[in-house]
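This report describes one protein chain. It takes up the pockets, then the helices, and then the chain as a whole.

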Amino acid sequence: MSGVTKTSREESLAKWENQWQLAKNGAETRRYFPQVSQRLALHIPVSAGLTTMLTGHGRINAYYHRFRIIQDPTCSCNNGEETVDHILLECTKYNKPRNKLKMIINFKGGRWPPNKTNLMIKYLKEYCKFIREVDLESRRNV
């Protein structure tokens, strides 16, 4: 890579990082990736379920409610609003896959609840498995 190309990439990344920090949107995604460079360093197996968890946009009641597609954001477990955090940390429907994820994180020396950045950096494979088991992709369309 030439010096000009390298300098241009570094300048672009610095500009992108600055825009990322100042953006009003993307708060959920920033919890996973506080810096653009962290995201760029990872090879992520993109899926609709993972995208929903990383963005809060997708087949979850809080998202549908936000856009007035449904009247009530409550999860079908009736234990709170169905948000990304509810699915990951609280929903009783997902106790089994959550307990598997907890066990692996604890076995690897981590703590529960995990920092979302660590979920992506240290436990990406396990987090993706949790998301597949939760199966947001096959949920009903409203």
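How do the residues of the lining of the second largest pocket divide into nonpolar, polar and charged? In this predicted model, that lining has one nonpolar, five polar and four charged residues. The residues concerned are Lys 24, Asn 25, Gly 26, Ala 27, Glu 28, Thr 29, Arg 31, Thr 55, His 57 and Arg 66. Helix α2, residues 27-32, gives the largest share of this lining, with four residues.

The largest pocket is lined by 14 residues. Those nearest its centre are Trp 20, Thr 29, Phe 33, Arg 39 and Leu 54. Three helices, α1 (3-22), α3 (36-40) and α4 (48-55), each supply at least two residues of the lining of the largest pocket. The largest share, four residues, comes from α4.

| Pocket | Volume | Classes of the lining residues |
|---|---|---|
| Largest pocket | about 240 Å³ | nine nonpolar, four polar, one charged |
| Second largest pocket | about 190 Å³ | one nonpolar, five polar, four charged |

Helix α4 also contains buried residues, namely Gly 49, Leu 50, Thr 52, Met 53 and Leu 54. What covers the buried residues of α4 includes α2, α6 (84-90), α8 (116-121) and α9. Just after α4, Gly 56 has a positive phi of about 80°.

The next pair of helices is α7, residues 95-107, and α9, residues 124-134. Their axes come within 9 Å and cross at roughly 175°. Because angles over 145 degrees count as roughly antiparallel, α7 and α9 are roughly antiparallel to each other. On the α7 side, the residues that meet α9 are Pro 97, Arg 98, Lys 100, Leu 101 and Ile 104. On the α9 side they are Glu 126, Tyr 127, Phe 130 and Glu 133. By class, this contact has five nonpolar, no polar and four charged residues. Residues three or four places apart in an α-helix point the same way, because the helix has 3.6 residues a turn.

Where does Asn 78 lie? Asn 78 is in the loop between α5 (61-66) and α6. Its relative accessible area is 62%, so Asn 78 is exposed. Between Asn 78 and Tyr 94 there are 13 Å in space, C-alpha to C-alpha, and the two are 16 residues apart in sequence.

For the chain as a whole, the count is nine helices and zero strands. Read along the sequence, the pattern is α-α-α-α-α-α-α-α-α. The C-alpha trace spans about 55 × 40 × 25 Å along its principal axes. The chain has 142 residues, and 37% of them count as buried. Among contacts with a separation of 6 or more, 48% are made by residues 24 or more positions apart.

Conventions:
Residues are numbered from 1 along each chain as its sequence is written. This is a predicted model: local features need pLDDT of at least 70, side-chain atom pairs count only at pLDDT 80 or more; totals for chains, interfaces and linings use all residues. Side-chain values use heavy atoms; hydrogens and water are left out. On a 1 Å grid over the protein atoms alone, a cavity is a set of points where a 1.4 Å probe fits but cannot get out, and a pocket is an open set with protein on both sides within 12 Å along at least five of seven lines; lining residues have an atom within 4 Å of a point. Grid points are joined across faces, edges and corners, and a volume is the space filled by probe spheres set on the points. Ala, Val, Leu, Ile, Met, Phe, Trp, Tyr, Cys and Pro count as nonpolar, Asp, Glu, Lys and Arg as charged, and the others, Gly among them, as polar. Axes are lines fitted to C-alpha atoms, for helices over the stretch in contact, and angles run from 0 to 180 degrees between N-to-C directions. Angles under 35 degrees count as roughly parallel, over 145 as roughly antiparallel, 65 to 115 as roughly perpendicular and the rest as oblique. Contact means heavy atoms within 4.5 Å. Buried means under 20% relative accessible area, exposed over 50%, partly exposed in between (1.4 Å probe, protein chains only).
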